[in-house]
Structure formats: C-alpha cells, structure tokens
Amino acid sequence: MMKNIYFRSVIFFMMGMLMNACSYSENENGEKAIPITQVSLIPLPESVVYGTSNIILPNNMSVSQELPDLPAQLLKETLAEVMEIENTKSATNENAFIRISKDNALAEEGYRITVSAESIKIDYATSKGLLWGVQTLRQILLQNTVANNGDKTIPTLTISDTPKKTWRGFHIDVARHMFTIDYLKKIANCLSFYKINKLQLHLTDDQGWRIEIKKYPELTTIGGWREFDKYDKRCIELSQSDPDYTIDSRFIKNNNEYGGYYTQEELKDFIKYATERGIDVIPEIDMPGHFSAAIKAFPDLSCTGETGWGEEFSYPVCAGKTEYYQFFKDIIDEVTALFPSKYMHIGADEVEKHNWEKCERCQKLIREENLSNVEALQNYFVKEMANYVKSKGKKVMAWDDAFDAKAPQDILYTYWRDWLSDQPGKITQKGYPIVFMEWGRFYLSATPSDALLKSLYEFSFEPQFEGIVKNNVIGFQACVWTEMIPNERKFGQHVFPSLQAFSELAWGSRCEWNNFTSRLPWHLKWLAGNGIHSRTPGFIR
Ligand SMILES: [Zn+2]
C-alpha cells in the first residue's frame, strides 16, 4: 500500500485529480465553482477520480427510461428522498439527466459512473454491473451537500469499479431464532446496498425446521416448534436486565411453544425481492446431522428411532436406512423447485457418528458398499444426495466437514473450521473451490467488539492459512448464527457495522483501517435512518 504523501506528490505532478480510491486528494477548485466535496463510499470503489467542483442537482432531475424496473425504482426513491419530491420523471436516455450506456469492455459486475455538470452517466456491461452502479450512485446522492441557498450538490467525479471476487456472501441462521420475511427483506435491501450478491439461508437445524415441505407437513407442524431450549432460557434470563435479549414474541404461541416456519409462497416472495436486488438466495437443508427437528416429526429416521444427543452433536439420520433416501430426495425436489439459485447447500457438518458405529443398518450398508468406516459412510450419504441435487441441474455446496481427502467430491465447500487451518489448503490444492468463512472472524455471532471488527477488516490468509490456493477461493461469506440473537435489535448489533467491513473485504478494495473508520459514520446514520440497528464502535462515540 502506497503512502498518502506519495499519492499527493503524484497528483500534483500529474496536475490532475487522478487518485487511488484509498487516498483522497485536496481540492483545487476554480474561483467560482462550488468547492468539491468527497463521499464516503462502502465498499470503496476500485478507483475514484474527483473533478474540481461540485454540481448542483437540478430540481427537475430525470432518469433514463432504459433503466430496468428495479434499479429505476431504487434510484427514484433515493431521488425523491434527496430532492424532497414525490415523483421523479423518466426521459429518453439521451435527454435524461441520469443516463446509462452499455460498454461490453467492462467486467460482468463492473460499472463506471461519470458525474459532470451536464449529466450523470452509468456505463455497464450487464444488468449486475448496472445495479451496482446504481447502488454506488445512491450513496453519492444521499451524501449530497446542502449549500447555504438550499441547493443540493454532489462532486463531479469518475468512478471505475469492479469486484475482485464473484462470491460476496452472507448467511443467516433462521433455525435457532426466526425473523419475519419483512425483516429479511430489509436486510436483503441493505445487503444489496453494499453489493453482497449471495445469501445462504440456514433453513433447518436441530432447533427448528423453517421451510414448508408440502409432501411432509409434519416437518413444520411438529419440527417447526420447540419448547424453550437452553439458549432460549439463557436469553430470557439475560432479558431481565438487558432487554436486547428479549425473545421476539411474534414467534411464541401458547406461552411455551416457540418457532414457526416460512410457507413456500412467503419464501417465493422473499426470493423475488432479493433476486431483484442482485442477491442469489441459496437454500441450505442441513443433513445428515443437525436434523433433530425432522427426526422429532419422523423418529424412525434416526438409528435409534428417537431424537437425542451424542457426545458432541445431535443424533443424525440413519445413513443405513436407504429406504428413507427418497424422503430426503423429496425434500430436495421441493427445495430446488422453489429456489431458482443454481446452488443448493446440503450441510453435512458436525455429524455425530457413534450411533452409526453401533447401528446394524449402518454397519450392513458399510459392508455391502465396501466402505471402510463411518467416515466413508458419511461420504456415501453425501454423494447420494449431491448426485441427486446435481440431477436437478444444480451445483452442490456443503460445509468443509464433508471434504474427504481420499474421495473428494465435486462440491463447493464452505470452509469454516479455523482450528483446522490446513483444511483450505488441502481442499484448494486438490483443485476444489471454496467459499472462505473461517469461524474466528467471519462468524458474526461472538460478542461484537472494535477489535473483532478491525480483525475482520484486516483479514489476511497469512500466516494462519498457508498453503491455500487463492485462485480457488471464489469469495468470502459472513455468517450469523443466532443461538443468542433472539430479535432484530440484537441481530443488528451483531451484524452492523461488521457487514460494512466485510463488504469491502469481499469486494476487494480495502485500504487502511483509519480510512475505513473515517467513512463509517455516514453509514451508521444510513442504517439508523432505515430502521436497522447497529453497534456504535468506540472510535465513533
Ligand atoms: Zn443407522
């Protein structure tokens, strides 16, 4: 990273305003021009070149009628807010103040914004790049400066931007605690504002089955509900002195039944909303472990015919009862039909295998299939399910627990177990792709702190993850596990502003920590203005 002083000398030497986005230059405004201001963009674009003065936003600003529906809607809403008007008019592309222009030389998600006195232009190659350009422009417009006479002004500038990685993911666990579809939409809107393009929904776990499966209604009528568990009781206890731990009462019925589920119609509505905002919603059905909610509804699925807890994790399904494989495939049928994503995540983490060691059915299958042990049995089960998901035309994802070095499968692994720091090296050296989300920094479930925020922002593979083949890391993901996150307020405190730090890491445009923190205050205000809770870092208070 070059030093600011170096940049400044380069800038003066070049007599231009070319600058790395990491370093903001000084103003060289003309005598009568409105002094240039700078905007706090997150994620930071690859390059921002400021002009010499601000422009006044015309009162009657028009938007190109060639903009697709959703970006046009977002932009018009922003303009209505900024200009304090009810409607923004559309105009032909040549006549509109905000116009667009296709440039096939740009990368798929790339865009260029040019703000001049005459117009605001967004160049793009695909609808994805256009959407991200609109999101950046919204940040610029919302950060307008109001002159003494009330004029709203923004800086003249040229932004060229493209992400370094294609996978910029976020993950929400709705099994431990549920959130309303309206809240999920609010979060999706925010993810899109920060150019996050993947959302993995952890829809099933021991604590609850959250997706309607029409063929097996008991999965939700029984599996969707629980009595308060130990984490719930801890939340209730803490809520006596800290209301931020209060369990959202919308998910409690009859005083002690807790949970609920999303109907397929509700999910369809959510998927449409998120997809329009550039987010690919990926379903996760966690199997063969973390399956107690379903086993509660269908006890025969487990080796022992009941739910239970082993030494570390819950009883998994019996991998030896192959007559139930169709049950899982029926679920996959409905899930893959509902989610248009080309990905489906099948979990495969933390499978307690002691039952399998003792189970006659599991041992019989191990003999029949010539498998070496229960680990190979897990790989067998995963392969059966993975092949079925693939037969639906989808790509399969699984937690890195499913990676069997002796018999690796064509799976996109989500790496999380940071105590196995050689695991990403093992997977990527064999040529398999991973999405990187190590527990220590990318899991936004620990008590948030400034130190954690900084360590996420400054994340580096070295020295902890030596040997990783970076070209096989297709991107990053931040994960929220909700055992101790029982409501929206707590969710916001865990996720924000970590998400802002993460978005910049994932987009690939990080610079110095102090530069990031200087851009953060406006974004915390934006969250608050949009009804999203956040933690205020100590360096901002
Ligand atoms: Zn078994």
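Domain bounds here come from an automatic or database domain assignment. For this protein, that assignment gives domain 1 (4–161) and domain 2 (167–204 + 264–283 + 318–508).

Two notes on the model and its numbering. It is a predicted model: local features need pLDDT of at least 70, side-chain atom pairs count only at pLDDT 80 or more, and totals for chains, interfaces and linings use all residues. Residues are numbered from 1 along each chain as its sequence is written.

Now the overall picture. The protein has 18 helices and 22 strands. Both are DSSP runs, numbered from the N terminus: helices are H or I with at least four residues, strands are E with at least two. The C-alpha atoms fill a box of roughly 85 × 50 × 45 Å along the principal axes.

Burial next. Of the 541 residues, 45% count as buried. Buried means 20 or more other C-beta atoms within 10 Å of the residue's own; exposed means 12 or fewer; partly exposed is in between; and C-beta atoms are placed from the backbone.

Contacts too. Two residues are in contact if their C-beta atoms, placed from the backbone, lie within 7 Å. Among contacts between residues at least 6 apart in sequence, 70% join residues at least 24 apart.

Back to the domains. Their C-alpha centres lie 36 Å apart. How many residues of each are in contact? 8 residues of domain 1 meet 11 residues of domain 2. On the domain 1 side, helix H3 (residues 127–142) gives the most, with 4 residues. That side divides into 6 nonpolar, 1 polar and 1 charged. Here Ala, Val, Leu, Ile, Met, Phe, Trp, Tyr, Cys and Pro count as nonpolar, Asp, Glu, Lys and Arg as charged, and the others, Gly among them, as polar.

Why does Tyr124 count as buried? Because it has 26 C-beta neighbours inside 10 Å. Beyond four places in sequence, its contacts include Ile100, Leu106, Tyr111 and Leu130.

Then the largest nonpolar core. A nonpolar core is a set of buried Ala, Val, Leu, Ile, Met, Phe, Trp, Tyr and Cys residues joined through C-beta atoms within 7 Å. The largest one has 142 residues, and Ile346 and Ala398 have the most contacts inside it. Helix H12 (residues 374–391) gives the most to this core, with 9 residues. Both domain 1 and domain 2 give residues, so the core lies between them. Ile346 itself contacts Val382, Met385, Ala386 and Val389, among others. Ala398 is also in contact with Ile346.

Ala398 leads us to the strands. Two strands pair if DSSP finds at least two bridges between them. Strand E19 (residues 395–399) and strand E20 (residues 412–415) pair in the parallel sense over 3 bridges. In E20, Tyr413 is the bridge partner of Ala398. E20 also pairs with strand E21 (residues 434–436), parallel, over 3 bridges. There, Thr414 stands opposite Val435.

Last, an antiparallel case: E2 (residues 47–56) pairs with E9 (residues 152–161) over 7 bridges. Val49 stands opposite Thr158 in E9.
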